[in-house]
Amino acid sequence: MAKKDVNDPQFWNVFMQRPEVQAAISKKIRYESTAEAALQSKMGKLERKQRRYDIMQELMACATNVKHIISPMFRYKITQQYLWKVLCEAREEHMLFCDKLRQPQVYHRLMAIKAEITAGPYGVAGWQAEEEVEEDLMDKMVVEADCIPGGIDGEAPDRKQVLDKREMQGVLDFGQQIKSEGNEAFANENWEGALTRYCQGDEMLKNFAAEP
C-alpha cells in the first residue's frame, strides 16, 4: 500500500470528500448557525425589553385618558412596535410623547391596531399577535390607566391622576371658583364656611397632576 502524503493537496481533496468528513462539517455548520440564531434571538428580546421600559417611562407622564386607551393592548408586539416608532419620531421632532400620540394620524392608527387585536382570527396574526411584556409593566399600566388618586385604601398617597391641558384647565377653573367662594365667606366672617371651601379646594387640587 502506498504511503499517504499528508502534504499532498490531492490527499486532502480526497479526504474532504469522504462521507464521514462531510457529515461532521455539516453538523458543525448547523450548530454554529443555530447558536448564532439563538444569540440574535436573545439580543432581540433584550432590546425589545429595554424599549418597553422606555415607552412605559414616557407613558407615565401622559394623561390618564391616554393610558386608558393603550393599557388593553400594550402587551401585544404590534402595539409596542408602533409605540416605539412614534416615540422615536417624537424625539426626532423634539415633541412630547403625549402630544405626538394625540396627532390625528397616530390616534387613528392606535384605534386601528386596537380593532385588529379585538377582531380575533380575522385580525392580527403571526408575530404581531404575540404577547411579550413583563408583569410589573402590565400591573403598573393597569393601575395607572384605572387611576384612583391615593389608591383604594390610601396605599399610594403620592398617586395622582394625570390630566391633559384641557382637563387641567377645567380643574383650575373650578379651584378658582372654590377659592372665590372661600374668600367671600371669609369676608362675611363665616370662618367655618371659608375653611370648608379652602379645604375642599386643596383636597381636590392635590389629586391631579398635569402633563409635562
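Let me start with how helix H4 meets helix H6. Ile78, Thr79, Tyr82, Leu83 and Val86 in H4 are in contact with Gln105, Val106, Arg109, Leu110, Ile113, Glu116 and Ile117 in H6, where contact means heavy atoms within 4.5 Å. These residues divide into eight nonpolar, two polar and two charged. Here Ala, Val, Leu, Ile, Met, Phe, Trp, Tyr, Cys and Pro count as nonpolar, Asp, Glu, Lys and Arg as charged, and the others, Gly among them, as polar.

A word on the source. This is a predicted model, in which local features need pLDDT of at least 70 and side-chain atom pairs count only at pLDDT 80 or more, while totals for chains, interfaces and linings use all residues. Residues are numbered from 1 along each chain as its sequence is written, and side-chain values use heavy atoms, with hydrogens and water left out.

Back to the helices. Two packed helices are described by the angle between their axes and the distance between the axes. H4 covers residues 77-92 and H6 covers residues 104-117; they pack at an angle of about 170°, with their axes 10 Å apart. The axes are lines fitted to C-alpha atoms, for helices over the stretch in contact, and angles run from 0 to 180 degrees between N-to-C directions. H4 and H6 are therefore roughly antiparallel; the cut-offs are under 35 degrees for roughly parallel, over 145 for roughly antiparallel, 65 to 115 for roughly perpendicular, and oblique for the rest.

Now the whole chain. The protein chain has nine helices and two strands, which are DSSP runs numbered from the N terminus: helices are H or I with at least four residues, strands E with at least two. From the N terminus on, the order is α-α-α-α-α-α-α-β-α-α-β. Of its 212 residues, 30% count as buried; buried means under 20% relative accessible area, exposed over 50%, and partly exposed in between, with a 1.4 Å probe and protein chains only. Among contacts with a separation of 6 or more, 69% join residues 24 or more positions apart.

Cys62 lies in the loop between helix H2 (19-59) and helix H3 (64-70). Which residues does Cys62 contact, leaving aside neighbours within four places in sequence? They are Lys67, Phe97, Cys98, Leu101, Val162 and Glu211. Val162 is 100 residues from Cys62 in sequence, and 6.7 Å away in space, C-alpha to C-alpha.

Ala194 is found in H9. Ala194 is buried, with a relative accessible area of 2%. Not counting residues up to four places away in sequence, Ala194 touches Gly182, Ala185 and Phe186. Ala194 and Lys179 are 15 residues apart in sequence and 8.7 Å apart in space, C-alpha to C-alpha.

Phe186 is partly exposed, at 48% relative accessible area. The structure holds one aromatic pair. The rings of Phe186 and Trp191 have centres 5.2 Å apart and planes at 65°, so the pair is edge-to-face. Rings of Phe, Tyr and Trp (its six-membered ring) pair if their centres lie within 6.5 Å; planes under 30 degrees apart count as stacked, over 60 as edge-to-face and the rest as tilted.
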